[in-house]
Amino acid sequence: MIEVVPYNEHVICVKTGSEMHGRVVMWQYSYLIDDVLIDAGCPNAADELNQMRASHPVRRIYVTHAHEDHAGGCSMFAEDADIFAEPSVARAMKNPVVLNDFFIMAWGQPKAVSNVNPIPDEFEIGM
């Protein structure tokens, strides 16, 4: 499941999660600032993330850490966006661990992402 919540003309909160019995188990929050996504959401929201891309193009993704709910959605953007992460996060994204049933239900099993760039010391977003 996904909820796209505009904050202002430049910032959108992108909430992803998995439904169980009509309710979201746990929300994960990502932020789209212009065409830059901070974290990419969970893999169980793949279809919704693909739909979001049509109206909100993503050019760059900066991944804060390797948990499946933050890095797991990167595979949906890998063809169109540059992905950046710290070396240990990049290694985990290139070779994701097989999750147990609870985490697969809550977030989904991430797919490997092969092209992850080193996160720069500084970067700019927008305007």
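Colleague: Which helices each supply at least two residues of the lining of the largest pocket?

Modeller: In this predicted model, the largest pocket holds about 150 Å³ of space. Its lining consists of 14 residues, and Ala66, Ala92, Pro96, Val97 and Pro110 lie nearest the centre. The helices that each supply at least two lining residues are H2 (68–71) and H3 (87–94).

Colleague: How many residues of the lining of the largest pocket are nonpolar, polar and charged?

Modeller: Proline, alanine and valine count as nonpolar, and residues of these kinds lie nearest the centre of the pocket, Pro96 and Val97 among them. The whole lining divides into three polar residues, two charged and nine nonpolar.

Colleague: Which strands stand at the edges of the open sheet?

Modeller: The open sheet has seven strands in the order S1-S2-S5-S6-S7-S8-S9, with mixed pairing. Two of these strands have a single partner each, so one side of each is left without a neighbour in the sheet. The edge strands are S1 and S9 (117–118).

Colleague: Is the pair of tyrosine 62 and phenylalanine 123 stacked or edge-to-face?

Modeller: Three aromatic pairs are found in the whole structure. In the pair of tyrosine 62 and phenylalanine 123, the ring centres are 3.8 Å apart and the planes lie at 10°. Planes under 30 degrees apart meet the cut-off, so this pair is stacked.

Colleague: How many residues apart in the chain are tyrosine 62 and phenylalanine 123?

Modeller: Tyrosine 62 belongs to strand S7 (residues 60–62), whereas phenylalanine 123 lies in the segment after S9. The pair thus links distant parts of the chain, and the separation is 61 residues.

Terms used: Residues are numbered from 1 along each chain as its sequence is written. This is a predicted model: local features need pLDDT of at least 70, side-chain atom pairs count only at pLDDT 80 or more; totals for chains, interfaces and linings use all residues. Side-chain values use heavy atoms; hydrogens and water are left out. On a 1 Å grid over the protein atoms alone, a cavity is a set of points where a 1.4 Å probe fits but cannot get out, and a pocket is an open set with protein on both sides within 12 Å along at least five of seven lines; lining residues have an atom within 4 Å of a point. Grid points are joined across faces, edges and corners, and a volume is the space filled by probe spheres set on the points. Helices (H or I, at least four residues) and strands (E, at least two) are DSSP runs, numbered from the N terminus. Two strands pair if DSSP finds at least two bridges between them. Rings of Phe, Tyr and Trp (its six-membered ring) pair if their centres lie within 6.5 Å; planes under 30 degrees apart count as stacked, over 60 as edge-to-face and the rest as tilted.
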